[in-house]
There are 2 protein chains.
Amino acid sequence: MLYKKIDENDLQQFRSLLGAEGMSVAAPDLAQCASDHTEDFVFYPEVVLRPQSTAEVSAVLAYCNQHNIPVTARGAGTGLSGGALPVAGGVSLDMKRMNRILNIDTQNFQVTTEPGVITEVLQNAVKEKGLYYPPDPASKGSCFIGGNIAENSGGPRAVKYGVVKDFVLNLEVVLADGSVMWTGANVLKNATGYNLTQLVVGSEGTLCIVTKIVLRLIPANRHDLLLLIPFHDASEACRAVNDIFLAGITPSALEFMERDALECAVHYFGDSSVPLPDHVQAHLLVEVDGNHPEQLIEEAEQITAIAEKYATDPVLFADTAAQKQQLWKLRRIVGEAVKGNSIYKEEDTVVPRACLPELLQHVKETGKKYGFRSVCYGHAGDGNLHVNIVKGDMSDHDWQYKLPEGIRELFGKVHQMGGTISGEHGIGYVQKTYLSIVFNATQLALMEAIKKAFDPKGILNPGKIFA
Amino acid sequence: MLYKKIDENDLQQFRSLLGAEGMSVAAPDLAQCASDHTEDFVFYPEVVLRPQSTAEVSAVLAYCNQHNIPVTARGAGTGLSGGALPVAGGVSLDMKRMNRILNIDTQNFQVTTEPGVITEVLQNAVKEKGLYYPPDPASKGSCFIGGNIAENSGGPRAVKYGVVKDFVLNLEVVLADGSVMWTGANVLKNATGYNLTQLVVGSEGTLCIVTKIVLRLIPANRHDLLLLIPFHDASEACRAVNDIFLAGITPSALEFMERDALECAVHYFGDSSVPLPDHVQAHLLVEVDGNHPEQLIEEAEQITAIAEKYATDPVLFADTAAQKQQLWKLRRIVGEAVKGNSIYKEEDTVVPRACLPELLQHVKETGKKYGFRSVCYGHAGDGNLHVNIVKGDMSDHDWQYKLPEGIRELFGKVHQMGGTISGEHGIGYVQKTYLSIVFNATQLALMEAIKKAFDPKGILNPGKIFA
């Protein structure tokens, strides 16, 4: 696809559409929008546009569609698959000025928001009204709800409450040609036409631009308990995960961390509150929540009893809010902490939960075979294992040519187990060459036909998802 | 669209593909597949095909696509929007021989099934393993799980557990050209390409034919309580619905029945166990479930206290399994019982829950204005109100010409409230002329483009969804 390069005339048009505040070609702005949290990629946009309204988004898209200018939407830039990278240049459509929470409907347990609201800000705003929006990616303190929609994000609470897609009722979107529409209705059940809402969630900015979001909320739980369980063997920790579910317990979080993962986090903060003796090889961080404290204590006791069937050190209970916060802070920083140590690649494998021990074994065996070291952690209760591959002393040549073979082999195994290559990060730029491992020509052709139905000229986030 | 009429040569081909057992042009078979539970429509197919495998479905579709023969999939024929009606003739693809439960995965809480399994049979099979598949349409004793997928069915338990779409992980489907593919993976989280799974759920047989289904299951709850609350005023019953949620309670069912609805059901069975004094105008049937009986009792007491703020008769508690079954039997028969009395139309309105009293008022006002009587009931906890319009002594002329105007007006109001025209029955044949009330030209064109991406020649369930 050949796109038009942006010229002075285009810039003048953009300026007239969005005002001086809404457009920038200043070097720091272009640089800021050239990267996200994905490895070390840099792709400069030609211009950064910052719309303030649906009408402005519509005007920009209509113009770009007419002139064949690529448009890559950008949230907070915390994505891990390169969704916000403007790989074909053109417009970086920075949504940060569309950051108003429009309505919290305490009668119907719904919130209507613009996409540029920080997820945690949204969570806190509804919490003040006694309501709860559970999906909480590790980056919740900085990521935007719009980006969460684009990637169908998850996070620790997905195991009990579901991922972003399970909370989206309705979306206002702008199509490539500038037309504006809602995808559904503000209702809990909907059997009216095709489910465009669910098609847009997770479409990574390739189908349309989301300008308003209606989310379902639930009543806030009044109590939770948090346990950190140190295992002597990482594989046993993975096995214990399934045992908890087989006991009929659905924790509100069930996180796995290899020793190296927690160690990185502990070093990152210089935190010495969590003991890390040599024989501890993995941890499970388990949370249960609900309205009845005695029930949670009972569940925590059951979980402890399950853990104690394996070789473990004593379970640590977080007694205070501060201790809980501290443990979550460690868990949430793991990704960033690992990255701080080395060049890395982050994989986002997901398998049926009971296959987790097998997945971990494959990761390690593949690492041995192809010579890479990995730090594994993630949302074990969902079967979602983040595999951070660190370059360490791997040669540049092996990193570039041998490692992708190893990743292909691992993803092949994941697929055989009934799993897939991304649980919550998306395909974006970095996983697209692997998509053919899990989808055949029929599936890919169908997805491309859908893309074409939404965006016939291919101006929206080109170079993503499809190889 | 002009379709080919089926001739002797086609029949010979079908016979060679499916065997003598797999094909019928016998009058009783054609008649059986000419109707479903939707009003009194009759559209004869030219042939009934009964495949036994994905390969057979694939062979049939490849042939029909090549020869431009329409194919309408049929489950158990319990649909209420005419999805299974072969309005363009051609093939009725009867899925009843694909009725095997293929695997119950007790480790991962998943079941893999063919589409022709009766929903209740599936529920019972997984229950024997301690697992639970919640979606339970009123017709659960006869409807097929495949039909539930096609219509994105709900039922009473949706209010706590979600509708069918919330339990579908992965689907094997046959596209119009006969190619076979899976829509996703057998995982709880998936950010890998577009969500084809959710696009297929609720697509009413217009995009592809579902041949295998992977559903997520949850651990079975050990206890439940059931309450029947008689209200003196129907509007107050609707108001009480929202009060229950505002108190932080999420019942596992919250059903509303107008007096006339329950009266029809009581007469249908000749049941005199439920008192129906003249001053009782509506009932709420409320279920709470969980693992802790004392918690359920507490919730039931809270619910009773909420109800007693309104004018009510004493709350009836179902004390035994037999009493519970009896109440559910009455609730589930309402639709059929109402239909037994008169020619009728069943609407499936859904609004944000707190708008329910306003919706009921609009229904009654619209009825007065256009001269129709309605019997209302449904899944009040979801804001989903079934409006059974009975012909009674309305003239044929008014029924045919005036009533649709009234329905349009009502649906317009529903749309204004943020709701939509079908919560769980689908659009199918009977609602398609109303779709333009909730979707504009942009939305409809997009849906039609998606249809075309799946089924370029339009052989799959023609005459449905789109007017």
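Visitor: Which residues in α1(A) meet residues in α3(A), and what makes this a contact?

Guide: In α1(A), Asn9(A), Asp10(A), Gln13(A), Phe14(A), Leu17(A) and Leu18(A) meet Glu56(A), Ala59(A), Val60(A), Tyr63(A) and Cys64(A) in α3(A); contact means heavy atoms within 4.5 Å. The helices (DSSP runs of H or I, at least four residues, numbered from the N terminus) span residues 8-18 for α1 and 54-67 for α3 of chain A. This is a predicted model, in which local features need pLDDT of at least 70 and side-chain atom pairs pLDDT 80 or more, while totals for chains, interfaces and linings use all residues. Residues are numbered from 1 along each chain as its sequence is written, chains are lettered from A and ligands numbered from 1 in written order, and side-chain values use heavy atoms, without hydrogens and water.

Visitor: Why are α1(A) and α3(A) called roughly antiparallel?

Guide: They pack at an angle of about 160°, with their axes 10 Å apart. Angles run from 0 to 180 degrees between N-to-C directions, and axes are lines fitted to C-alpha atoms over the stretch in contact. Angles over 145 degrees count as roughly antiparallel, and the pair is therefore roughly antiparallel. Their crossing is right-handed, that is, the near helix is turned clockwise from the far one by less than a right angle.

Visitor: How do you know that α9(B) is roughly perpendicular to α11(B)?

Guide: Helix α9 (residues 259-269) and helix α11 (residues 321-341) of chain B pack at about 90°, with axes 7 Å apart. The range from 65 to 115 degrees counts as roughly perpendicular, so α9(B) is roughly perpendicular to α11(B). By class, this contact has 12 nonpolar, one polar and two charged residues. Here Ala, Val, Leu, Ile, Met, Phe, Trp, Tyr, Cys and Pro count as nonpolar, Asp, Glu, Lys and Arg as charged, and the others, Gly among them, as polar.

Visitor: What makes α12(B) roughly antiparallel to α13(B)?

Guide: Helix α12 (residues 356-370) and helix α13 (residues 396-416) of chain B pack at about 155°, with axes 10 Å apart. That angle makes them roughly antiparallel. The crossing of α12(B) past α13(B) is right-handed. The contact residues divide into five nonpolar, three polar and five charged.

Visitor: How many cavities of 30 Å³ or more are found, and what lines the largest?

Guide: The search of the whole structure finds one. The largest cavity is lined by His37(A), Thr38(A), Glu39(A), Leu80(A), Tyr344(A), Glu346(A) and Val430(A). A cavity is a set of points, on a 1 Å grid over the protein atoms alone, where a 1.4 Å probe fits but cannot get out; lining residues have an atom within 4 Å of a point.

Methods
On a 1 Å grid over the protein atoms alone, a cavity is a set of points where a 1.4 Å probe fits but cannot get out, and a pocket is an open set with protein on both sides within 12 Å along at least five of seven lines; lining residues have an atom within 4 Å of a point. Grid points are joined across faces, edges and corners, and a volume is the space filled by probe spheres set on the points. Helices (H or I, at least four residues) and strands (E, at least two) are DSSP runs, numbered from the N terminus. Angles under 35 degrees count as roughly parallel, over 145 as roughly antiparallel, 65 to 115 as roughly perpendicular and the rest as oblique.
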